[in-house]
Amino acid sequence: QVHLAESGGGSVQTGNSLKLSCAASGPLWNSWAMGWFRQAPGKEREFVAAINSAGSHTHILKSVEDRFFIFRDNVKNMLYLQMNYVRPEDTAVYYCAAAWSSAVQVEANDYLYWGQGTQVTVSS
């Protein structure tokens, strides 16, 4: 069982930065690929970023790849999403998720465990 807890969300203005964190607990943390997804009001959950178990490979949603960065600390059992130059369209609940795979996963169905989410609201 892997438990995930997101933090770092909040209300920010356009152009600012925000760093989301995801604390993970459970066995074999270093074996799990991790990802961030988001869900805006009235929309389906959307892939944002993923990272392999070693932290050496990432995949970022094309529309945010020049602004968002995913990284992990396998010693501290932490996953992060650095969000720079945020825009109102980044407003959503952000979820971290764990996939039983060492490789990057981009499909929500490949993820077994999910956090409760953290709200990010960007005002213009």
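Colleague: How many disulfides does a search of the whole structure find?
Modeller: The search finds one disulfide, which is counted when two cysteine sulfur atoms lie within 2.5 Å. Before we go on, this is a predicted model, where local features need pLDDT of at least 70, side-chain atom pairs count only at pLDDT 80 or more, and totals for chains, interfaces and linings use all residues. Residues are numbered from 1 along each chain as its sequence is written, and side-chain values use heavy atoms, with hydrogens and water left out.

Colleague: Which cysteines form the disulfide?
Modeller: C22 and C96 do, with their sulfur atoms 2.0 Å apart. C22 is in strand β3 and C96 in strand β9 (residues 92–99), so the pair ties together parts that are 74 residues apart in sequence. Strands here are DSSP runs (E, at least two residues), numbered from the N terminus.

Colleague: Why is the disulfide of C22 and C96 called right-handed?
Modeller: Because the torsion about its S-S bond is about 50 degrees.

Colleague: And are C22 and C96 buried or exposed?
Modeller: Both C22 and C96 are buried. Buried means under 20% relative accessible area, exposed over 50%, and partly exposed in between (1.4 Å probe, protein chains only).

Colleague: New topic: how many salt bridges does the structure hold?
Modeller: Four, each a side-chain nitrogen of Lys or Arg within 4 Å of a carboxyl oxygen of Asp or Glu.

Colleague: Which residues are linked in a network of salt bridges?
Modeller: R38, E46, R67 and D90. R38 pairs with E46, their closest N and O atoms being 2.8 Å apart. R38 also meets D90 (3.1 Å, N to O).

Colleague: Where does R67 come in?
Modeller: R67 is in the loop between β6 (58–60) and β7 (68–73). The side chain of R67 meets D90 in a salt bridge (2.8 Å, N to O).

Colleague: Why is R38 classed as buried, but E46 as partly exposed?
Modeller: R38 has a relative accessible area of 7%, so R38 counts as buried. E46 is at 31%, so E46 counts as partly exposed. R67 and D90 are both buried.

Colleague: Last one: which residues form a nonpolar patch on the surface?
Modeller: L28, W100 and L112, with about 360 Å² of accessible area together. Patch residues have over 30% relative accessible area and no salt bridge, with like charges joined within 9 Å and nonpolar side chains (Val, Leu, Ile, Met, Phe, Trp, Tyr) within 5 Å. L28 is exposed, at 56% relative accessible area.

Notes:
Accessible areas come from the Shrake-Rupley method with a 1.4 Å probe; for residues, only the protein chains shown count as cover. Helices (H or I, at least four residues) and strands (E, at least two) are DSSP runs, numbered from the N terminus.
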